[in-house]
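Here is a short report on a predicted model. Please keep the sequence and the structure at hand while reading.

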Amino acid sequence: MPYLVLDKLTKRFGQWLAVDNLSLTVEKGELISLLGPSGCGKTTTLQMIAGFLDPSGGRVTLDGADLLAKKPNERGLGIVFQSYALFPHMTAAENVAFGLEMRGIPRADRDRRVREALELVGLGAFGDRYPRRMSGGQQQRVALARAMVIKPNLLLLDEPLSNLDAKMREEMQIELRRIQRTVGTTMILVTHDQAEAMALSDRVVIMNKGKVEQVAAPQDAYDNPASAFVANFLGRTNLLQGTVRHDGGAARIDVAGTAWPVGPNLPAGPGVLTVRPEKVSFVDGAGVSGLVQARVFQGTQWLFEIKTEAGPLTVIRQHDGQVLPAENERVTVGWRAEDMRVMSGSVGGA
Amino acid sequence: MTAVDSQNAMDAGLATDTAAPPAKPERRNPTPYLLSLPALALFAVLLLVPLAMTLLLSLNSFGFYTGIQDVWQLGNYTDIFTDSYFHEIFLRTFRIAFVVTLLSAVLGAPEAYILRRMHSPWRGLCLLIVLGPLLISVVSRTLGWALLFGSTGIINTALMSVGLIATPIEFMYTETGVIIALTHVLVPFMVLSVWASLQRLDPQVENAAMSLGAKPFTVLRRVVLPQVVPGILSGSIIVFALAASAFATPAIIGGRRLKVAATLAYDEFLNTLNWPLGAAVAILLLVANVVIIVGCNRLIERRYKQVFE
């Protein structure tokens with residue numbers, strides 16, 4: 001039985017649909033990410049689960065109980081805010097103890113649990129510090145400890161790492177994953193950073209304009225994007241305009257004078273072929289021909305911008321000593337048929 | 001080419017660095033002093049000079065037939081310190097200021113909090129109503145209160161016609177009246193001060209407290225209030241200082257019967273023409289105000305150092 005169920009959740013601000021009929025189930029102990037560009041409705045969804053916003057329609061149940069019937073302070077959720085939202089007039093330990101105090105936990109027990117929580121996030125020695133005197137990463141850990149110490153049945157994280165620098169963010173990602181594994185709390189992470197979502201989550205929910213585009217394990221979503229939006233949002237991708245044709249039993253897509261086999265279910269007409277830059281290689285035989293417009297050395301890899309009939313194409317090649325084409329050189333590129341996806345429609349409309 | 005250029009530029013930079021005299025940082029840049037000169041001059045001429053003259057005047061003596069005598073003595077101060085008439089007036093001044101401050105805090109802090117939680121069109125409107133009194137002259141505002149307060153004024157007439165009271169309540173020439181009118185005049189300063197400290201509050205902090213299981217009142221008491229205490233205290237300092245030195249309101253509502261330090265100084269200057277005594281009263285009021293305010297400020301700084309740096 002699913003643990004958290006969002007059923008046709010909708011939020012309207014005036015005429016604007018912030019969240020449109022969002023349905024999602026989350027299993028117990030799962031870490032799921034809501035991923036999308038800003039304004040896609042991911043934070044609004046989180047706020048509705050937390051109870052800070054009332055949905056315009058739909059239902060939310062947690063472990064079978066109706067969550068919307070409860071006030072925010074009765075939901076028992078842990079929340080880590082983007083701004084951390086620590087109480088500036090309390091020390092780290094007092095911050096962490098607040099939730100336990102509200103639950104009427106006796107003093108001795110409370111002190112022990114606060115100590116354990118601070119140790120869990122690696123801040124055992126910082127209990128007496130005020131938030132002002134802590135670094136962003138430390139404040140972030142206090143916020144996490146404060147949300148975890150009440151043993152929430154669901155932990156909501158709203159862009160928790162976006163205020164940290166790149167190195168700190170990576171450390172916290174590993175830390176967060178470790179804590180999630182140890183404690184086994186069900187977590188919903190809201191983020192616009194696809195690398196963060198992929199690194200942390202069991203499943204990612206890719207959202208756009210208030211709607212769910214795809215729910216899948218990170219690698220699945222990356223390899224089998226359900227739409228051009230997902231393909232483009234998760235990492236770099238190439239979108240090539242082509243035409244889908246049916247010749248008797250076999251269907252194919254014509255892109256810049258080359259034909260690639262596609263599934264028989266695709267309707268004939270304009271189609272978009274997507275292929276990841278790192279899956280494209282320079283070939284001697286048949287393939288899409290083009291002109292190298294730029295090549296950029298990026299340390300571990302080379303990046304090529306190639307102008308083709310079907311539109312610009314990005315190619316990423318490992319820097320492994322192979323001879324690679326120079327700028328302004330005519331090249332032919334190809335890819336394995338299983339590395340590409342085809343959707344009907346045109347590039348502009350995707 | 002560019003590499004060479006930048007190398008040259010670097011060399012040039014090094015050259016000027018080494019060529020510059022090591023004493024350079026010691027030479028003060030006069031610009032800030034010159035820029036603040038007009039303000040300093042204004043400050044000196046309009047504040048420090050009159051203040052010094054008042055201080056000197058308070059040391060002179062005064063006789064009904066001799067006028068102001070150019071002698072230096074502390075007679076005026078000993079008069080004030082030994083006469084219970086003056087004690088009563090100073091005590092009343094600070095009692096009024098204290099009660100007004102307390103009332104302003106009790107009314108103004110919740111007012112600011114409610115204003116912040118209001119939505120767009122109403123917030124601006126209500127803020128305008130709250131701050132509106134500041135746009136009206138103190139004298140006309142206080143005369144308005146006098147109309148309301150009189151024994152045949154609107155408040156008493158209304159209460160008597162409803163049958164709540166048999167005889168009119170005395171507002172005019174009483175401390176109650178002065179306190180009510182002064183509170184009305186000074187509450188906007190408290191609202192503004194608390195408003196400013198509420199603006200620094202992260203709105204998510206209240207949500208965070210709520211998510212941890214705190215009821216709305218607990219959020220207010222444990223999370224919001226401690227963070228706006230510095231705002232309430234600095235507002236209190238402003239209100240206290242203005243209430244203790246207020247002149248127009250006590251003069252109109254309190255009249256000649258209910259004197260405070262400011263009206264006392266005024267009467268000494270203009271009615272009894274005892275300028276030195278009036279000057280001594282003014283100096284004592286200033287000193288008492290400064291002592292109380294600096295003391296409170298120290299207290300805030302020490303108590304809330306950790307919260308706001």
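The model is predicted. In chain A, 6 strands form an open sheet. Their order is β6-β7-β8-β3-β9-β10, and the pairing is mixed. β6 (78-80) and β10 (211-216) of chain A stand at the edges. Each has a single partner strand, so one side of each lacks a neighbour in the sheet. On average, neighbouring strands of this sheet are turned by 15° against each other, direction ignored.

Helix α1 (residues 42-50) of chain A packs on this sheet. The helix touches β3 (31-35), β6, β7, β8 and β9 (203-208) of chain A. The direction of α1 makes about 145° with that of β7(A).

One strand pair can be followed residue by residue. Strand β7 (residues 155-158) of chain A runs parallel to strand β8 (residues 187-191) of chain A, and 4 bridges join them. Within this region, A:Asp158 stands opposite A:Val190 in β8(A).

**Domains of chain A**

The domain assignment divides chain A into domain 1 (4-227) and domain 2 (236-344). Taken over C-alpha atoms, the centres of these domains of chain A are separated by 39 Å.

**A helix pair in chain B**

Helix α8 (residues 175-199) and helix α10 (residues 216-244) of chain B cross at roughly 155°, and their axes come within 8 Å. Angles over 145 degrees count as roughly antiparallel. α8(B) and α10(B) are therefore roughly antiparallel to each other. Their crossing is right-handed.

Both helices give a series of residues to the contact. From α8(B) come, among them, B:Leu182, B:Leu186, B:Phe189 and B:Met190. From α10(B) come residues including B:Ile232, B:Gly235, B:Ile238 and B:Leu242. The contact of α8(B) with α10(B) has 14 nonpolar residues, 5 polar and no charged.

**Where chain B meets chain A**

How many residues of chain B are in contact with chain A? There are 18 residues of chain B, in contact with 19 residues of chain A. On the side of chain B, α9 (203-211) and α10 are the elements that give two or more residues. The largest share, 7 residues, comes from α9(B).

| Class | Residues of chain B |
|---|---|
| Nonpolar | 9 residues |
| Polar | 6 residues |

Key:
Residues are numbered from 1 along each chain as its sequence is written. Chains are lettered from A and ligands numbered from 1 in the order in which they are written. This is a predicted model: local features need pLDDT of at least 70, side-chain atom pairs count only at pLDDT 80 or more; totals for chains, interfaces and linings use all residues. Two strands pair if DSSP finds at least two bridges between them. Axes are lines fitted to C-alpha atoms, for helices over the stretch in contact, and angles run from 0 to 180 degrees between N-to-C directions. Two residues are in contact if their C-beta atoms, placed from the backbone, lie within 7 Å. Domain bounds come from an automatic or database domain assignment. Angles under 35 degrees count as roughly parallel, over 145 as roughly antiparallel, 65 to 115 as roughly perpendicular and the rest as oblique. A crossing is left-handed if the near helix is turned anticlockwise from the far one by less than a right angle, and right-handed if clockwise. Ala, Val, Leu, Ile, Met, Phe, Trp, Tyr, Cys and Pro count as nonpolar, Asp, Glu, Lys and Arg as charged, and the others, Gly among them, as polar.
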